[in-house]
Amino acid sequence: MFDKLLKVAGIFSEAFRDAVLFLRFNSYSPFVDPSRRAFYKILIEAHTIEKGLSLPNPKPLFGKDKIRFVMNALSRYDIRHSPIPAHMSLGALDAYVNFHAKAGLSDPLLDEISGYLKAWEAKLPRPWKGGTRDYSFLGQPLNNLQQLMASRSSIRTMRSTPLHPDRILEAIALAQLAPSQCNRQSSRVHAYQDPALIQQLLALQGGSRGFAETVGNLFVVSSEICAWGGPGQRNQAYVDGALFAMCLMFACRSMGWGACPLNLAIDHKTEAAIRRAGGIPAGERLIMMIAFGEPVAPDTKVAFSPRRPAAEIATLHA
């Protein structure tokens with residue numbers, strides 16, 4: 001009994017240390033290097049422009065506040081930290097201008113963006129790795145892992161037609177090949193096809209504006225808390241759940257479906273509301289949602305989402 005009490009006390013102690021660590025190093029902390037903070041903030045906001053352009057029907061002149069933020073933040077950013085935010089932002093802004101030009105639309109903001117891009121060409125010549133890119137579901141053999149991983153992208157143009165339950169179970173069975181600590185297999189997945197319920201769940205998630213109404217199949221990935229015990233295992237539900245979710249997205253791609261992960265960076269109140277609406281037990285922590293379904297067409301537009309060079313993120317210890 002005393003040993004169990006020590007473990008319970010350890011959970012509170014580790015939770016406090018987690019909070020202190022997060023407060024010290026989170027994106028709002030004044031103790032974090034400004035260039036490091038700016039790197040992530042610019043990527044996040046530039047990606048919202050990419051996502052907007054990858055929607056089935058982008059709204060004209062969408063995201064004006066995001067556009068101005070990206071231009072102002074990039075002007076202050078030290079490109080020596082990493083050129084990726086500049087590539088992504090400039091590519092997204094360029095694609096934004098081209099989208100409106102093809103639609104025959106004009107606006108002072110578009111002229112401002114064009115001038116901004118011209119000024120940047122001397123510092124970072126084209127082509128810029130950002131904006132959108134063409135994506136095809138055809139002509140891509142998926143007979144090895146490298147091809148499967150390279151061909152996956154977040155798809156926001158999918159048919160709302162419900163997929164056959166047997167096919168969904170087949171994808172879930174593939175995802176169960178994901179590793180889990182001590183083979184616990186704590187991951188759970190809830191699949192939804194009722195249009196009204198899907199819209200309710202997506203509204204609570206809040207990150208699918210512009211394509212939510214076309215989602216006809218939705219996963220909610222979760223992890224059972226009771227699989228874990230003691231302070232050292234406090235984060236393992238998220239680790240195992242994320243591994244399972246990634247494998248589930250690869251399974252969707254291998255079956256020719258489009259899939260789009262939707263984060264659940266939410267508070268406890270919203271998480272409880274999603275569990276109630278979706279009939280998910282209280283003892284499961286939510287990991288993410290995944291919208292999935294058949295592609296509308298063989299070819300579509302997806303966010304470019306450039307990746308950092310491996311040398312930027314790797315520390316090779318001798």
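The legends below accompany close-up views of a predicted model.

Let's start with a histidine: H190 belongs to strand β2, which covers residues 187-192. H190 has a relative accessible area of 17% and is therefore buried, as the limit for that label is under 20%. Its side chain meets that of E284 in a polar contact of 2.9 Å. Beyond its neighbours within four places in sequence, H190 is in contact with L218, F219, V220, S222, I280, P281 and E284.

Strand β5 takes in residues 284-293, and nine of its 10 residues are buried. Strand β3, made of residues 218-224, pairs with β5 in the antiparallel sense, and the two share seven bridges. In this pairing you can look for V220, which stands opposite M289 in β5. Strand β4, residues 258-263, also runs antiparallel to β5, and six bridges join them. There, G258 stands opposite G293 in β5.

**View C. Helix α9 and the glycine that follows.**
Helix α9 spans residues 236-254, 19 residues in total. From first C-alpha to last, α9 reaches 27 Å, close to the 27 Å expected at 1.5 Å a residue. Which residues of α9 are buried? They are Q236, A237, D240, G241, F244, A245, L248, M249, F250, A251, C252 and R253. After α9 comes G256, with a positive phi near 85 degrees.

L148 is found in helix α6, residues 145-150. With a relative accessible area of 13%, L148 falls under the 20% limit and so counts as buried. F250 is among the buried residues of α9.

F39 is buried at 1% relative accessibility, whereas Y40 is partly exposed at 46%. The rings of W257 and F292 also pair: their centres are 5.7 Å apart and their planes lie at 35 degrees, so this pair is tilted. W257 sits in the loop between α9 and β4, while F292 is in strand β5, and the pair links distant parts of the chain, 35 residues apart. W257 and F292 are both buried. Ring pairs also bring in F219, linking F219, W257 and F292 into a cluster.

**View F. Cysteines without disulfides.**
How many disulfides does the structure hold? The number is zero. C226 is in no disulfide, and its nearest cysteine sulfur, that of C182, is 15 Å away. C226 is exposed, with 67% relative accessibility. C252 is buried, with a relative accessible area of 0%.

**View G. Backbone details in two loops.**
Most residues other than glycine have a negative phi, and most peptide bonds are trans. With that in mind, have a look at the peptide bond from R126 to P127, which is cis, with omega near 0 degrees. P127 lies in the loop between α5 (108-120) and β1 (132-136). C182 has a positive phi, near 55 degrees, and is a residue other than glycine. N183 likewise has a positive phi near 55 degrees and is a residue other than glycine. C182 is placed in the loop between α7 (165-175) and β2, and N183 is in the loop between α7 and β2 as well. C182 is exposed, with a relative accessible area of 70%. N183, at 55% relative accessibility, also counts as exposed, because the limit for that label is over 50%.

Methods. Residues are numbered from 1 along each chain as its sequence is written. This is a predicted model: local features need pLDDT of at least 70, side-chain atom pairs count only at pLDDT 80 or more; totals for chains, interfaces and linings use all residues. Side-chain values use heavy atoms; hydrogens and water are left out. Helices (H or I, at least four residues) and strands (E, at least two) are DSSP runs, numbered from the N terminus. Buried means under 20% relative accessible area, exposed over 50%, partly exposed in between (1.4 Å probe, protein chains only). A polar contact is a pair of N or O atoms within 3.5 Å; within protein, one must be able to donate a hydrogen and the other to accept it, and residues adjacent in sequence count only if both atoms are side-chain atoms. Contact means heavy atoms within 4.5 Å. A disulfide is a pair of cysteine sulfur atoms within 2.5 Å. Two strands pair if DSSP finds at least two bridges between them. The expected span of a helix is 1.5 Å times one less than its number of residues. Rings of Phe, Tyr and Trp (its six-membered ring) pair if their centres lie within 6.5 Å; planes under 30 degrees apart count as stacked, over 60 as edge-to-face and the rest as tilted.
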